[in-house]
Amino acid sequence: MKNKRNIKKQNNTYRAVYEPAVKNINKILDILDKEYPEAASTSLKHKNAFQLLIATILSAQSTDKLVNKVTPSLFKKYKIPEDFAGADLIELQEDIKSTGFYRNKAKSIINCSKDIASKFGGITPDNIEDLTTLHGVGRKTANVVLANIFGKQAIIVDTHVKRISNRLGLTTNSDPVKIEFDLMKIVPEDSWSIYSHRIIALGRTICLAKKPKCPVCRLLKYCSYGQENA
Ligand code: SF4
């Protein structure tokens, strides 16, 4: 017990990975499969790659629910990258205001759309290298599009995946890109996307940010934080 306490840091990151979690990653995946069979894709509403890219930019520091309230009318008003590229900044800010951080998001959306229109002929790229050249698009946003639209395996490090991967003890990092690369080494490649979707489902229901429900969590046996705190 003392040993476990020694490796724990206050912000849910650890100085050492938790071997029971690493060694039992396939069992963890099996449990997640059984618990969250329906969690196989994003809950952001979209009809194509470009819409999902915009919805994902809007979802930063927000919730999918809030974004889903805004996007149906937004995508009726702005249909293709060229429409967003030519949008009036103030008007677009108003259109997306309820998602929060709307000034930066509006700027990112306009510049990202300009990039797609000018560099990629209006077609949203289907690879991480090109996607991450777009204004306001980091690896998380790119991976959401790759996993959900292009059927590629991708680890999506959002707030839930970051928090829970740390609590489990699968990573010792707090930087999302480092976490992504840590997880790519531990999670089998054919489960990268599904790991992300199901951990997000766990984070919304059981492994809550403030009060994780460890005693009822099916991953308790393999979880560093749960073993220490439940
Ligand atoms: S045991 Fe607790 S901390 Fe670990 S994954 Fe489950 S709810 Fe989260």
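Predicted model: local features only at pLDDT ≥ 70, side-chain atom pairs only at ≥ 80, totals over all residues.

Residues are numbered from 1 along each chain as its sequence is written.

The protein is divided into domain 1 (2–40 + 154–229) and domain 2 (49–148); such bounds come from an automatic or database domain assignment. Between the C-alpha centres of domain 1 and domain 2 the distance is 28 Å. Ten residues from domain 1 and six residues from domain 2 make up the contact, where two residues are in contact if their C-beta atoms, placed from the backbone, lie within 7 Å. On the side of domain 1 that touches domain 2, helix H12 (176–186) and helix H13 (192–205) are the elements that give two or more residues. Helices here are DSSP runs (H or I, at least four residues), as are strands (E, at least two), and both are numbered from the N terminus. H12 gives the most to that side of domain 1, with three residues. Sorted by class, the side of domain 1 that touches domain 2 has six nonpolar, two polar and two charged residues. In this scheme Ala, Val, Leu, Ile, Met, Phe, Trp, Tyr, Cys and Pro count as nonpolar, Asp, Glu, Lys and Arg as charged, and the others, Gly among them, as polar.

The next topic is the core. A nonpolar core is a set of buried Ala, Val, Leu, Ile, Met, Phe, Trp, Tyr and Cys residues joined through C-beta atoms within 7 Å. A residue is buried if 20 or more other C-beta atoms lie within 10 Å of its own, exposed if 12 or fewer, and partly exposed in between, with C-beta atoms placed from the backbone. The largest nonpolar core has 55 residues, of which Ala-21, Ile-54, Ile-109, Val-145, Ile-155, Ile-156 and Leu-168 touch the most other members. Helix H4 (residues 49–59) gives the most to this core, contributing seven residues. Domain 1 and domain 2 each supply at least three residues of this core. When neighbours within four places in sequence are left aside, the contacts of Ala-21 are Ile-28, Leu-168, Gly-169, Leu-170, Tyr-222, Cys-223 and Ser-224.

Which residues come nearest to the ligand? Among the 14 residues around the ligand, they are Cys-207, Cys-214, Cys-217, Cys-223 and Gly-226; a residue is near a molecule or strand if its C-beta atom, placed from the backbone, lies within 6 Å of it. Helix H11 (159–168) and helix H14 (224–229) each supply at least two residues of this shell, and the largest share, three residues, comes from H11. The shell has eleven nonpolar, one polar and two charged residues.

Helix H13 has 14 residues and spans 21 Å from its first C-alpha to its last, close to the 20 Å expected at 1.5 Å a residue. That expected span is 1.5 Å times one less than the number of residues in a helix. H13 is mostly covered, with eleven of its 14 residues buried; among them are Trp-192, Tyr-195, His-197, Arg-198 and Leu-202. The cover over the buried residues of H13 includes helix H3 (25–35), helix H10 (139–148), H11 and H12.

Arg-218 sits in the loop between H13 and H14. Arg-218 is partly exposed, because 15 other C-beta atoms lie within 10 Å. Beyond its neighbours within four places in sequence, Arg-218 is in contact with Ile-31 and Glu-35. Arg-218 and Ile-31 are 187 residues apart in sequence, yet 7.0 Å apart in space, C-alpha to C-alpha.

Val-70 lies in helix H5 (residues 64–77) and is partly exposed, because 19 other C-beta atoms lie within 10 Å. Apart from neighbours within four places in sequence, Val-70 is in contact with Leu-58, Ile-96, Ser-98 and Thr-99.

Two residues remain, and the topic is backbone geometry. Gln-61, in the loop between H4 and H5, has a phi near 55°, a positive value in a residue other than glycine. Gln-61 is exposed, because 11 other C-beta atoms lie within 10 Å. Phe-101, in the loop between helix H7 (89–96) and helix H8 (102–119), is not a glycine but has a positive phi of about 45°. Phe-101 counts as partly exposed because it has 14 C-beta neighbours inside 10 Å.
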